[in-house]
Amino acid sequence: MTNQQTTTDGFLGVIMLDTRFPRPLGDIGSPATWVRADIPVRFVTVPGASARRVVQTQDPALLEPFVEAARSLALQGARLITTSCGFLAGWQAELQAAVDVPVLTSSLLQCAGLSSPGLVTFDAASLHADLLRRAGVPVGTPVEGLRRGCELQSRILSDDTVLDVRQASEDVVDAAVRLVAKHPEVEQVVLECTNMPPYRNAVAQATGRPVHDLETLLLRTWNEQRAND
């Protein structure tokens, strides 16, 4: 899978899971997200990389295909590479070592630079301490997950072709509200999941906190690159 939006000045390369579920505007895997930002993009899909294999199994057999995808994007001229799943932060070091261009696998990477962050994740049971360590997330950072079997989680794990976007927004807001209720010391909310940026504004309104996700990280990094050209 590739997107045609490219220029001679390079592009954002997105390594995609092998999925078909809907991706509303703001989702990292939606071409419209990058049209809105005026950022040229190319997508490369890793065959067989389902959400279950990446999130819940963290299947090591997928590492080499993801590395090859990163190399392919770099050879094509990507100036920045990312992924469509926050759990790939566990392979940040390996993917970055494979290419000479910056790789930002996950929104989790920005936690170390934030004051009193708290995480909202797609699956709290699968977000293991070793993965958080690999992403540089400070020890003790509060984590709250989507409710098991909620609209957003169930549709993605089953790779369904429909999604109730309003309910998905409520699912993410619910997790964020629970996060700050349990941990009022949280000053900034980080959305782990690359499918959560469409609901960023709703989370900010409900929690009264600044909200960060992979889209905000990529936009900031891309603009910084441009400013330094």
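**Close-up 1. Contacts of Arg36 in the predicted model.** Beyond its neighbours within four places in sequence, Arg36 is in contact (heavy atoms within 4.5 Å) with Leu25, Gly26 and Glu215. Arg36 sits in helix H1 (residues 31-37). Helices are DSSP runs of H or I with at least four residues, strands are runs of E with at least two, and both are numbered from the N terminus. The C-alpha atoms of Arg36 and Leu25 are separated by 8.7 Å, at 11 residues apart along the chain. Arg36 has 48% relative accessibility and so counts as partly exposed; buried means under 20% relative accessible area, exposed over 50%, partly exposed in between (1.4 Å probe, protein chains only).

The model is predicted: local features need pLDDT of at least 70, side-chain atom pairs count only at pLDDT 80 or more, and totals for chains, interfaces and linings use all residues. Residues are numbered from 1 along each chain as its sequence is written, and side-chain values use heavy atoms, leaving out hydrogens and water.

**Close-up 2. The buried face of helix H3.** Phe66, Val67, Ala69, Ala70 and Leu73 are the buried residues of H3. Seen down the helix axis, they fall within an arc of 160 degrees, so they line one face. The arc is taken from the directions from the axis to the C-beta atoms. Their cover includes strands S1 (11-16), S2 (41-45) and S3 (78-83), with helices H2 (51-57) and H4 (92-98).

**Close-up 3. The end of H3.** Just after H3, Gly77 takes a positive phi of about 115 degrees.
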